Amino acid sequence: MYGRSQPRSTGLFLALCATMLVLAMVTEQTWAEGARGAVKSTLAPLEAAMTQLAGNLDRVSSAFGDVSALRAENQQLTAADQALRRQVVELNAAAKENAALRQALDFERSYGHRMVAAQIVGRGPDGFSRTLEVDRGTADGVQPGMIVTTGAGLVGRVQEAGPHGAIVQTLADPQSRVNVFLSKSGLQGTVTGGPAALQLEIEHSLAGTASGGEWALTSGVGGGYPRGLVVGELASVTHRDSSTSDQAVVAWVNDPAFISLVLVITDFVPS
Amino acid sequence: MKRLAIAGLLVAIVLVQVTWAPRITVAGAFPNLALVAVIAITWSAGVRQGMAWACVAGLLLDLTADGPLGPHAVALLAGAYLSGFWVRNLDRESLLHPVIAAAASTAIYSAVLVLADDLLGLPVPSLGIALQLVVAASVYNAALMPVALAAGRKLHSPVTRRAEPV
C-alpha cells in the first residue's frame, strides 16, 4: 500500500503545484489585473459581514461585563490622544517650515485633498504580507498607487483595486519604503516595514543628531507620498559613529490590527 | 454533502483568519487557521484529500492577499504533502506527531510562500524577519493543532474507519 500510494500522491502533488504556478503566472500578467481584481472583490462582502459579526459579538459580550465599554472608551481616548499628538507634531514641524510648507502639513484642510472613506474588511492572510483589505474600489474612484491615511497619520498605499474592494500595502510591509524628515532635528531618513516596529535609517548630518521622542513625517522626497503626513514617533535611536547613518525604531501612529476606518486620498498622484 | 460542509467550513476559517486572527498577534505572527485545518484534514482523511482542500483554502487565501492567485495554494500544498509523509509513516493516534507536523509544515509553508513570492517578484521579508515570523507561527500553529485535529477527526470519522482495517 505504501509503495503505491506514495508515488500517486507525489504525482498529484506535482500536478497541483504545476497547475497553481501556471495560474499564478497567468493572473500576474497585466492584462489579467482587471479580472483578478474583480474576482478578489467577490470575497470583500463576506469579509465585511465577518467583521460586522465580530463587532456584534463584541457588543454581546459587553452584556457580561463592562470590558467592551472600557475598551471602546479606551479606543476613543487613544484616538483623541493620537489626534492631539498629531496636532502637536504638526505645530512643531510647522514652526520650522515656511508658510507654504505649513500648508502642506495641514493637507486635509488647506490643500483640500479629495478623500474616500473606506472600512477595513480584512487583513493579510499571514505575517509575511502586511496588507489591509478595504471595501472601496475602482467604482468609488480608488486606484492602485493612491495614499491611505487615518486621522492619526499615514497607513500605506493601495496595491491593487477591484470594482468594490482594494488591497492596501501598509507601512509594516517588509517592502514598504517611506522617505521622512524629523520634526525637531529636521534630519531626513527612510522608514522601512517590519513585523514588530517600523525601522528608520537616518542620514548623518552636521546639523545635529536625532533623539527619542521626535516625530517622523513624510518628506515628499521621491514624490511617492505627499509631504507632512505623520508616520510615527521615534521610540529609540542607535547612533553609529562608524556608519553614515543612524538606526531608529519608530512607534507607528496606526496599529493595523485595530484600524477600522481609513481615508484614501484620491487626488494625489505619486510620481 | 460532506464536501460542501468542508468547503463552507474552509471559507469560514479563511474569513476568520483575515478578520479576527490578526488581533491576536504574538511576536509578529498570528495563527494560520487555514494551514492548521488542512493539516487536520490530511491527518484524518489522507494526503490526497488534504492536498485537494489545500488548493481550495490556498486560493481563498490568495483572494485576500495582494498579487496573483496561486502562491498560498502552492504553500499549503507543500504543508499538506509534508503532513502526508508523517501520516503514512508514524503513529496516527499519538498527539505529539500532529503537533510536530504542524510546526514543520508551517516552516515548509513559509519557505515555499517566500520562495514563490520572490519568484513572482512580490515583496518578501528579510531573512531575519522571516525566521522570527516562522518560529512564532510554528509555535502558534502547533499549539492549535490538537483542537483542529479533534474537529477534523469528528468530521471525517467514517472515512477514517474505512481506512483502518489493514
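Let's start with one pair of residues: A:Leu198 has A:Val250 in S11(A) as its bridge partner. Before going on, note that this is a predicted model, where local features need pLDDT of at least 70, side-chain atom pairs count only at pLDDT 80 or more, and totals for chains, interfaces and linings use all residues. Residues are numbered from 1 along each chain as its sequence is written, while chains are lettered from A and ligands numbered from 1 in the order in which they are written.

Back to that pair. Strand S8 (residues 198-203) and strand S11 (residues 245-252) of chain A run antiparallel, paired over 6 bridges. Two strands count as paired if DSSP finds at least two bridges between them. Helices (H or I, at least four residues) and strands (E, at least two) are DSSP runs, numbered from the N terminus. Strands of a sheet pair through backbone hydrogen bonds, either parallel or antiparallel.

S11(A) also pairs with strand S10 (residues 230-238) of chain A, again antiparallel and over 6 bridges. Here A:Ser236 has A:Val249 as its bridge partner, and a hairpin of 6 residues joins S10(A) to S11(A).

Now follow the strands around. In chain A, 6 strands close into a barrel in the order S6-S7-S8-S11-S10-S9, with antiparallel pairing. Neighbouring strands of this sheet are turned by 40° against each other on average, direction ignored. Strand S6 (residues 177-182) and strand S9 (residues 215-218) of chain A pair over 3 bridges, and A:Val180 stands opposite A:Thr218 in S9(A).

Chain A as a whole comes to 6 helices and 12 strands.

What about the place where chain A touches chain B? This contact (C-beta atoms, placed from the backbone, within 7 Å) takes 43 residues from chain A and 45 residues from chain B. The largest share of chain A's side, 12 residues, comes from H1(A). By class, that side has 22 nonpolar, 12 polar and 9 charged residues. Ala, Val, Leu, Ile, Met, Phe, Trp, Tyr, Cys and Pro count as nonpolar, Asp, Glu, Lys and Arg as charged, and the others, Gly among them, as polar.

Finally, hop over to chain B. Helix H1 (residues 2-19) and helix H3 (residues 47-64) of chain B pack at an angle of about 35°, with their axes 10 Å apart. Axes are lines fitted to C-alpha atoms, for helices over the stretch in contact, and angles run from 0 to 180 degrees between N-to-C directions. The residues of this contact divide into 11 nonpolar, 1 polar and no charged.

Methods. Two residues are in contact if their C-beta atoms, placed from the backbone, lie within 7 Å.
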